Amino acid sequence: MLVQNFLEESAHRFPNKVALIHKGERLTYQEVDQKANKVAQWLRSQGIQRGDRVAIFLDSSAESVISLFGILKADAIFLMLSPTLKTQKLSYILNNCQAKALITHTNKLGVVSGVFGSVPNLQFVIFTGNKDKIPTSGCPNPILWQEIDFLNPQSAIRNPQSNNASRLATCENIDLDLATIIYTSGSTGNPKGVMLTHLNMISAATSITTYLENVPEDIIIDVLPLSFDYGLYQILMAFKFGGTVVLEQSFAFPYEIIKQMIKERVTGFPGVPTMFAILLQMEDLKKYDLSSLRYVTNTAAALPIEHIKRIRDAFPQAKLYSMYGLTECKRVSYLPPDELDRRPGSVGRGMPNEEVWVVDENGNRVGPGVIGELVVRGSNVMRGYWGDPEITDRVLKPGPLPGEKVLYTGDLFKMDEEGFLYFVGRKDDMIKTKGERVSPKEVENALYGLEGIVEVAVIPLPDDILGQAIKAYIVRRNGYSLTEKDVLRHCKKELEEFAIPKYIEFRDSLPKISSGKIDKLTLKQEIGQ
Amino acid sequence: MSIENEIRKFIEENFILEGDDHLGDEDSLLEKGIIDSTGVLELVAFLEETYHFKIKDEELVPENLDSIKNISQFIQNKLNFSRESVDREDGRS
């Protein structure tokens, strides 16, 4: 079984069923499958081989979905990049995994054109969008998406042995091969590429759709970026059980989302705490007919208990699932909705076909109520970080069986007598803001890049909407009169929106510990943390 | 100051524009990466405070809030509407 079989089998079972709704466009399973075949065929004709990396840098769109399946059908590995990436990080990622091809939109040229000179492995770039804006120089082999779409589907190579006509004959991958690399923030400041095999993704998707009790009648609204595993899996899982996805680009206008939910009779609504906080600021959610909603899920960060109450009040017929996970294994745990009243602060137990436990600093299992690091064992656990065996060895360690590896999550938890998990904190100092993991180091590095800054310390502040907000303390070089606006303008160029500090404070000096390092603990204590 | 200028001033002071990129009156604030979901909340709070009206859930749509032009038209309509209702209460037409 391979991830693209989700699409192929649904196209076989429900050829004319709507798979994807986006900006008024409705694509059936058959249409998505045929378009993905053309992408695969084109990639193959251009020399893309088994295991090559192909990057997708698009806003959430039908093309992103078609591309990811097309890349998989070509036996290549897809990278779903955040549409808000800035030039430097995009260039870092493309070079880190030596991507051979890039699929993007002409509205991203502001960022994309900055990388062409620095990505020697990139052989061609596929553009969706405006034909007239495709660059005529500098860009390696630009091609218009529509040209691929006009290919004759009949010329796709078919496998006469396969009972599924849409499967490409050239498919050689097995489920131990990589399907994707997902880049997440690393504590060193550079993103790390989480390598996931077909088996990893299929295992996670199977476990999650099992506990959510998904059925083909489910209609999922996906407002989350597809670069975020939570957003990506909404597509993969719905295609697995033959459901429908309403794909939205952003949550900026919440009433638009509510309108879509009513219109399409949405049954599943995955969100993060910031989205729920915004929804709960609306006047009266109860006046909308959201009776079709069967379940609501939350992950990325814990929901405040008050919000849990209000969400259940607003969607009384919907089950609310509190969940927890990390990209390295997709999902770890979920709280069965009927446990919510008894343990509102818990993120539940390990999902089906997965084992979790808590260990002390020496790796020994600890009993109920004792805080330790959470360890995950399952087919959903990643193969490691791309090109970084050293960091991989820090998180993937020998498990109970010979040759087996288990995931040390870096998250501190305690477990109750019945095995329910309670999140305590991170072992490192990663910030969780708007559902995104941000490395303070990355923000600090960006700030040090601005002339006139001598010292920087970035710490999280509690925030009702964001979960945590980013605060930067800055010491200016003598003679420099940088303002907050200068700093923010610089950040905007270097950092993604969610990583830009919300608060900036200029200081004459920062507290130090004896080794001369900046003493963040004192800064945190000053603000009562 | 005209409504359009007031809004431009608010956006330029509170959201960060990339480089020296000029923001046109009809440019989408969302597509230009100027506002996101929390930015919209800040914008709404500013409008409600400055122009003394309440923005309804149903009005939280891009047609009202996604460009300087849309925002100023929206405000103009809201202000005209509340003036009309005051007029009606006064028995004038």
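Guide: Two packed helices are described by the angle between their axes and the distance between the axes. The axes are lines fitted to C-alpha atoms, for helices over the stretch in contact, and angles run from 0 to 180 degrees between N-to-C directions. Please keep in mind throughout that this is a predicted model.

Visitor: At what angle do H2(A) and H3(A) pack, and how far apart are their axes?

Guide: Helix H2 (residues 29-45) of chain A packs on H3(A) at an angle of about 55°, and their axes are 7 Å apart. H2(A) is therefore oblique to H3(A).

Visitor: Is that crossing left-handed or right-handed?

Guide: The crossing of H2(A) and H3(A) is right-handed.

Visitor: Which residues meet there?

Guide: From H2(A) come A:Val32, A:Lys35, A:Ala36, A:Asn37, A:Val39, A:Ala40 and A:Leu43. They meet A:Val65, A:Ile66, A:Ser67, A:Phe69, A:Gly70, A:Ile71 and A:Lys73 in H3(A). By class, the residues of this contact of H2(A) with H3(A) are 9 nonpolar, 3 polar and 2 charged.

Visitor: And H1(A) with H2(A), what is the angle there?

Guide: H1(A) and H2(A) pack at about 135°, with 8 Å between their axes. That angle makes H1(A) oblique to H2(A). Their crossing is left-handed.

Visitor: Which residues of H1(A) and H2(A) meet?

Guide: A:Leu7, A:Glu8, A:Ser10 and A:Ala11 in H1(A) meet A:Tyr29, A:Gln30, A:Val32, A:Asp33 and A:Ala36 in H2(A). This contact of H1(A) with H2(A) has 5 nonpolar, 2 polar and 2 charged residues.

Visitor: What about H1(A) and H8(A)?

Guide: Helix H1 (residues 4-13) of chain A also packs with helix H8 (residues 229-241) of chain A, at an angle of about 40° and with the axes 7 Å apart. H1(A) and H8(A) are therefore oblique to each other, and their crossing is left-handed. In this contact, A:Phe6, A:Leu7 and A:Ser10 in H1(A) meet A:Leu236, A:Phe239 and A:Lys240 in H8(A). The residues involved are 4 nonpolar, 1 polar and 1 charged.

Visitor: Let us turn to the domains. Which are assigned in chain A?

Guide: The assignment gives domain 1 (4-173), domain 2 (208-426) and domain 3 (431-526) in chain A. The centres of domain 1 and domain 2 of chain A, taken over C-alpha atoms, are separated by 28 Å.

Visitor: How many residues are in contact between domain 1 and domain 2 of chain A?

Guide: In chain A, 21 residues of domain 1 are in contact with 18 residues of domain 2. On the domain 1 side, H1, strand E1 (18-22) and helix H3 (62-73) of chain A each give two or more residues. E1(A) gives the most, with 5 residues. That side of domain 1 has 12 nonpolar, 6 polar and 3 charged residues.

Visitor: Where is A:Cys171 placed?

Guide: A:Cys171 lies in the loop between helix H6 (145-149) and strand E8 (178-184) of chain A. Leaving aside its neighbours within four places in sequence, A:Cys171 is in contact with A:Lys73 and A:Asp75.

Visitor: Why does A:Cys171 count as partly exposed?

Guide: A:Cys171 has 19 C-beta neighbours inside 10 Å, and a residue needs 20 or more to be buried and 12 or fewer to be exposed, so A:Cys171 counts as partly exposed.

Visitor: How far apart are A:Cys171 and A:Ser187?

Guide: A:Cys171 and A:Ser187 are 16 residues apart in sequence and 37 Å apart in space, C-alpha to C-alpha.

Visitor: Now the other chain. What secondary structure has chain B?

Guide: Chain B has 4 helices and 0 strands, and follows the pattern α-α-α-α along its sequence. Of its 93 residues, 20% count as buried.

Visitor: How many residues are in contact between chain A and chain B?

Guide: 20 residues of chain A are in contact with 19 residues of chain B. Helix H9 (254-263) and helix H14 (484-494) of chain A each supply at least two residues of the chain A side. The largest share, 4 residues, comes from H14(A). By class, the chain A side has 10 nonpolar, 4 polar and 6 charged residues.

Methods: Residues numbered from 1 in each chain as written. Chains lettered and ligands numbered in written order. Predicted model: local features only at pLDDT ≥ 70, side-chain atom pairs only at ≥ 80, totals over all residues. Parallel < 35°, antiparallel > 145°, perpendicular 65-115°, else oblique. Left-handed = near helix turned anticlockwise from the far one by under 90°. Contact = placed C-beta atoms within 7 Å. Nonpolar A, V, L, I, M, F, W, Y, C, P; charged D, E, K, R; others polar. Domains from an automatic or database assignment.
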